[in-house]
Amino acid sequence: MNLTEFNQSDGCDHFSCPERSVSPAVYILLYVCSAAVVLLTMCGNLLVIISVLHFKQLHTPTNMLVLSLAVSDFLVGALVMPSMLIWLIESCWIFGRAFCICFLLIGGVLTCLSIYNIALIAVDRYLALSNPFLYTNTVTKRTMCIFVYSNWCICLVYNAALCYFNRCFVNFLSCPEECVYFLNETWTVLDLIYSFIFPLSVIIILYIRVFVIAKKHATAIRDLNNHTRPKTQKITSHSMKSERKAAKVLGILVSVFLVCLLPYFMCSLLGNVIEIQAETIKKLLLILCFNSTINPVIYALFYPWFQKCIKLIITLQIFRTDSTLIKVIS
């Protein structure tokens, strides 16, 4: 997560935060709403994590990526959003330099993880639709777990290097503290390519290909429906429909992610050309964080298996001895 240099033209006293222009009631309401958003983010993603880990029918390669995304989203809700929301409400950073470094490191790792999880999901759906037989034989749960672990390690190493070779700056100009990164030119270009251009290109190109293939599959299914077909053709048709539906839902997931991601990165790109207020950057970062809140809602709306899992978890049926074998996908 590259926090560009904030515009500090709104100067205020060096040793006190700006006075709040809202009433105490509104101030309290902001904190209550923030706590509700954090809890929603954590609980929603925790339901996804429990569902995928508990029910054996959900132990598929694709769901390992969904699990990785849910874990990163849960950590965003637990470790990033509380500080981010307080930072926005208080209008300045109040946690000190040491916590600032941890905040930037954790936020950077989780942001990169989310981006590359989405990119891996795009690769997974492309392979599954373009060559389903090869995909079934070569992409196993073990293989996908290796990719997931590698993704976490690479993102951690990259962001640790970003912190080590660049200055994490606590600024005293407009508030007691303002938590920002200052990247040198080399790291600015590297971060732009690694965190934005490369994964975004993979996501867009592969999902264009996915929807082209899905359209061909839809035509093939219509052709099959026009003839009396043997059992093997029915199985093929059902499989194709399932893959198309999965691609459609994950396409919605990717689209929402891009809507949340692009404003911040576009603002970062323009930060060296035009003056951008600190509050604008913070709000765009918060929108990026809100994607972690939205993802479980997408699962709940479009995945019947997730709806069934929620019911089983809430009614405590998962504590039955045979609950892991419950069929959640029809």
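## Annotated segments

UniProt, in an unreviewed entry, places the feature "transmembrane region" at residues 28–53, 65–89, 95–123, 144–162, 192–212, 249–272 and 284–306. The structure itself is a predicted model.

Two of these segments can be described from the coordinates. Residues 28–53 are 100% helix and 0% strand, with 37 Å between the end C-alpha atoms. Residues 192–212 are likewise 100% helix and 0% strand, and here the end C-alpha atoms lie 29 Å apart.

## Nonpolar core

The largest nonpolar core has 86 residues, and the members that touch the most others are Phe55, Phe103, Tyr207, Leu253, Tyr299, Trp305 and Val328. Helix α3 (residues 97–130) supplies the largest share of this core, with 16 residues.

## Surface patch

Leu262, Met266, Leu269, Leu270 and Ile274 make a nonpolar surface patch of about 400 Å². Of these, Ile274 sits in the loop between α7 (231–270) and α8 (278–302). Ile274 counts as partly exposed because its relative accessibility is 47%.

## Salt bridges

Two salt bridges are found in the whole structure. One joins the side chains of Asp124 and Arg125, at 2.9 Å from N to O; both residues are buried.

The other pairs Arg320 with Asp322, whose closest N and O atoms are 3.5 Å apart. Arg320 has a relative accessibility of 41% and so counts as partly exposed. Asp322, at 38% relative accessible area, is also partly exposed.

Notes
Residues numbered from 1 in each chain as written. Predicted model: local features only at pLDDT ≥ 70, side-chain atom pairs only at ≥ 80, totals over all residues. Heavy atoms only, no water. Core = buried A, V, L, I, M, F, W, Y, C linked by side-chain atoms within 4.5 Å. Buried < 20%, exposed > 50% of the residue type's maximum accessible area, 1.4 Å probe, protein only. Helix = DSSP H or I, 4+ residues; strand = E, 2+ residues; numbered from the N terminus. UniProt positions renumbered as here; feature names shortened; annotations may be inferred. Patch = residues over 30% accessible without salt bridge, like charges linked within 9 Å, V, L, I, M, F, W, Y side chains within 5 Å. Areas by Shrake-Rupley, 256 points an atom, 1.4 Å probe, with all protein chains shown as cover. Salt bridge = Lys/Arg side-chain N within 4 Å of Asp/Glu carboxyl O.
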